[in-house]
Amino acid sequence: MPMPAEDIVRLIKEGIPGAEVEIQDLAGDGDHYAATVISPAFAGKSKVQQHQMVYGALGGRMGGVLHALKLTTMAQRP
Amino acid sequence: MSDPQVFERIRDEIGRNEVLLFMKGTPVFPQCGFSAAVVDVLSQLGVKFHGINILVDPELREGIKEFSQWPTIPQLYVKGEFVGGCDIVREMFETGELETFFKEKGVALADAA
């Protein structure tokens, strides 16, 4: 079930204020995305915790309406 | 909410298997690209692991998501610790972090075939 990229970006930004989000529709089908999320809120957290924060912001959609979101998280730009 | 007995089963499996992958399909025949990617990484490192096919076990399929607080499959556990899903495992593999992690955990790595 497709989900528009703008919705994903909006939810992540609402859940993690100040986050920068870059999103790519991998297959052009609105169902397979790659997102890079950059936020100082990730500092000092493990990758698992960082991804959990993003999944939390998506409020249960991940694994449901949102099938595939390849996630890269970082506290600051490399 | 999942039945507490499911969590009990999960804890038991995690306790019995040094390297455990909750996955879709089996290590020989993964049924999802993300699960296949983790199997591939573990094979490249020569890590022996046990795979649990959650597709044939709906109770476990829901239970593991709650247990790990992680919404997707695959999920990799090493010596009781949740390492992550496909993206984290792949990223750690590419940076060499995963190999170091296995060594630190005392998990045997064979030379890649």
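Q: Which residues of helix 2 of chain B meet helix 4 of chain B?
A: In this model, which is predicted, B:Phe34, B:Ala37, B:Val38 and B:Val41 of helix 2 meet B:Cys86, B:Val89, B:Arg90 and B:Phe93 of helix 4. Contact requires C-beta atoms, placed from the backbone, within 7 Å; helices are DSSP runs (H or I, at least four residues) numbered from the N terminus.

Q: How do the residues of that contact divide by class?
A: Seven are nonpolar, none is polar and one is charged. Asp, Glu, Lys and Arg count as charged, Ala, Val, Leu, Ile, Met, Phe, Trp, Tyr, Cys and Pro as nonpolar, and the others, Gly among them, as polar.

Q: At what angle do the axes of the two helices cross?
A: The axes of helix 2 and helix 4 of chain B cross at roughly 30° and come within 9 Å. The axes are lines fitted to C-alpha atoms over the stretch in contact, with angles from 0 to 180 degrees between N-to-C directions. Helix 2 of chain B is therefore roughly parallel to helix 4 of chain B (angles under 35 degrees).

Q: New topic: how many residues of chain B are in contact with chain A?
A: Eight residues of chain B are in contact with 10 residues of chain A. The side of chain B that touches chain A has three nonpolar, three polar and two charged residues.

Q: And what is B:Ile54 in contact with?
A: Leaving aside neighbours within four places in sequence, its contacts include B:Phe22, B:Leu60 and B:Ile73.

Q: How are residues and chains labelled?
A: Residues are numbered from 1 along each chain as its sequence is written, and chains are lettered from A and ligands numbered from 1 in the order in which they are written. As this is a predicted model, local features need pLDDT of at least 70 and side-chain atom pairs count only at pLDDT 80 or more, while totals for chains, interfaces and linings use all residues.

Conventions: Two residues are in contact if their C-beta atoms, placed from the backbone, lie within 7 Å. Angles under 35 degrees count as roughly parallel, over 145 as roughly antiparallel, 65 to 115 as roughly perpendicular and the rest as oblique.
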